[in-house]
Amino acid sequence: MSLQKTPPTRVFVELVPWADRSRENNLVSGGETLPGLRHHLSSTQAQTATREVHVSGTSEVSAGPDRAQVVVRVSSTKEAAAEAKKSVCRRLDYITQSLQQQGVQAENITVTKDFRRVENAYHMEAEVCITFTEFGKMQNICNFLVEKLDSSVVISPPQFYHTPGSVENLRRQACLVAVENAWRKAQEVCNLVGQTLGKPLLIKEEETKEWEGQIDDHQSSRLSSSLTVQQKIKSATIHAASKVFITFEQLLESFFNIPTNNYSQIAMSPVNYHESHIK
């Protein structure tokens, strides 16, 4: 009587979400599930089964002023009205022509005139408001006017400022850089533990902050008249900071793609094993 050959051992592996581990006890020989015990994951269970990576990202960006304004004042007081007007207009024409020759556009030049009587004389005053986008050109023109005109012409210190569009761009840049930093952090974390980073599920900007200049306010007000051009630019520089919170989906890796030197991950993976009975 010949011995009946024992059938080979068969091992079945099934990948299931953690929320469906109840199926682990319902498997029978051949890896089939008992009738009536198969069920779908509820929405709560599906959310529980989703693996997520939560990270935060911060950034700080800055931008110097993109505009500067200089005011040139010309005045004259004469006994005759015509003489006062002539004196001011002559120097005013010289200033506007010099600005145009230096490449300043007409839309960046605003001229205002004021004529009034002072006791027994006539006083005329004119202001030329010049807007600059190139600060080097601004300094050259101001130095030129100081050299060519007499002491009756007063040139105000430059006032640096930001256009509304540049400030809004700075806020947007701060947020985008914070998001990029958070994404890089999540990517590096997943690479470190041998996982794959998925799509973002939630992006939330939690905090924003803006401040201007790095010179002490008390010191700035006390020394505003003695600050150099570079110090004024630094004082007018705007800084923006942003903090974001992002939730990323963590993609599940295949059981057979897990590195052989990382067996600890196998024990933690949502994998059920079933071995058929040996006859």
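What is the volume of the second largest pocket, and how is its lining made up by class?

Author: The model is predicted, and the description below should be read as an account of that model. The second largest pocket has a volume of about 170 Å³. Its lining consists of M138, Q139, C142, N143, V146, I155, S156, P157, P158 and V229. Helix α3, which spans residues 135–148, supplies the largest share of that lining, namely five residues. Sorted by class, seven of the lining residues are nonpolar and three are polar, while no charged residue takes part.

Within α6, the residues K232, I233, S235 and A236 are buried. Viewed down the axis of α6, these buried residues fall within an arc of 160°, and they therefore line one face of the helix. As a general point, an α-helix has 3.6 residues a turn, so residues three or four places apart point the same way.

A polar atom of the T237 side chain lies 2.8 Å from the backbone oxygen of I233, and I233 is itself among the buried residues of α6. When neighbours within four places in sequence are set aside, T237 is in contact with S62, A63, G64 and P65, as well as with H162, W211, E212 and G213.

Terms used:
Residues numbered from 1 in each chain as written. Predicted model: local features only at pLDDT ≥ 70, side-chain atom pairs only at ≥ 80, totals over all residues. Heavy atoms only, no water. 1 Å grid on protein atoms, 1.4 Å probe; cavity = no way out; pocket = protein on both sides within 12 Å on 5 of 7 lines; lining within 4 Å. Points joined across faces, edges and corners; volume = space filled by probe spheres on them. Helix = DSSP H or I, 4+ residues; strand = E, 2+ residues; numbered from the N terminus. Nonpolar A, V, L, I, M, F, W, Y, C, P; charged D, E, K, R; others polar. Polar contact = N/O pair within 3.5 Å; in protein donor to acceptor, adjacent residues only side chain to side chain. Contact = heavy atoms within 4.5 Å. Buried < 20%, exposed > 50% of the residue type's maximum accessible area, 1.4 Å probe, protein only. Arc of directions from axis to C-beta.
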